[in-house]
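Have the structure open as you read along.

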Amino acid sequence: MVKKNTCVFISGQGSNLQNLIARSRDNNFPIKICLIISNNKNAKGINFAKKYRIPYIIINTKIQFYENKILLNLKKYKISLICLAGFMKIIPNSLIKNYKKKILNIHPSLLPKFKGLNTYSRMLKSREIKAGCTVHFVNEKLDSGNTIIKKSFFISDNDDEKILKRKTQKLEHKAFPEAIIKILSNN
Ligand code: GRF
């Protein structure tokens, strides 16, 4: 199997990154993680890059034209798929144009509900019945590209934000690999 060279963007913990690294070590999983990009030099997820000796770069999104540094590195590592796994910055349009239908994001809600931040607290406030996660293509509008996979569960009475996050992330770790397999098996 020819694996797609993939770059994972992170900002924090990196549990989705860790899961994708584990999956990609399987010969039958269609991606190889060749590069990790973080906008946060203190992101815990960077430790997975170090542990598995995957090249990583830290980008400062406050610098003008920072996206050029990203684009150069994506080229250098011949990246053909980008996975946003807890990347807390808006992706610049130039990047989206260069990687049309090649950027996936995972979002902790059942889109189109609860786009943006603080999904769990907003869900609880509006007394939702179901929670879950969505993997979708990235386009120019926040959390609005076509859905690839959604996974849901029923919210229990005693679910607080912490429990919702734990339950959602458990589903995310299934949904992201499934979404990758789904889009790449159509290629
Ligand atoms: C995930 O819940 C994802 O849905 C959201 O940010 C979180 C990142 O978690 N976009 P992790 O860094 O992968 O643990």
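Before we sort residues into classes, here's the scheme: Ala, Val, Leu, Ile, Met, Phe, Trp, Tyr, Cys and Pro count as nonpolar, Asp, Glu, Lys and Arg as charged, and the others, Gly among them, as polar. Keep in mind that this is a predicted model.

With that scheme, the lining of the largest pocket comes out as 15 nonpolar, 18 polar and 7 charged residues. That pocket has a volume of about 900 Å³, and 40 residues line it. Nearest its centre you'll find Gly86, Phe87, Met88, Ile106 and Pro108.

Two or more residues of the shell around it come from each of α1 (15-24), β5 (103-107) and α6 (161-185). The shell splits into 2 nonpolar, 7 polar and 1 charged. Among its members are Gly86, Ile106 and Pro108, and His107 is another.

| Residue | Part of the residue | Distance to a ligand oxygen |
|---|---|---|
| Glu172 | side chain | 2.4 Å |
| Gln169 | side chain | 3.0 Å |
| Pro108 | backbone | 3.4 Å |

How much of the ligand does the protein bury? Taken alone, the ligand exposes 370 Å², and the protein buries 87% of that.

Technical notes
Residues numbered from 1 in each chain as written. Predicted model: local features only at pLDDT ≥ 70, side-chain atom pairs only at ≥ 80, totals over all residues. Heavy atoms only, no water. Near = heavy atom within 4 Å. Polar contact = N/O pair within 3.5 Å; in protein donor to acceptor, adjacent residues only side chain to side chain. Areas by Shrake-Rupley, 256 points an atom, 1.4 Å probe, with all protein chains shown as cover. Helix = DSSP H or I, 4+ residues; strand = E, 2+ residues; numbered from the N terminus. 1 Å grid on protein atoms, 1.4 Å probe; cavity = no way out; pocket = protein on both sides within 12 Å on 5 of 7 lines; lining within 4 Å. Points joined across faces, edges and corners; volume = space filled by probe spheres on them.
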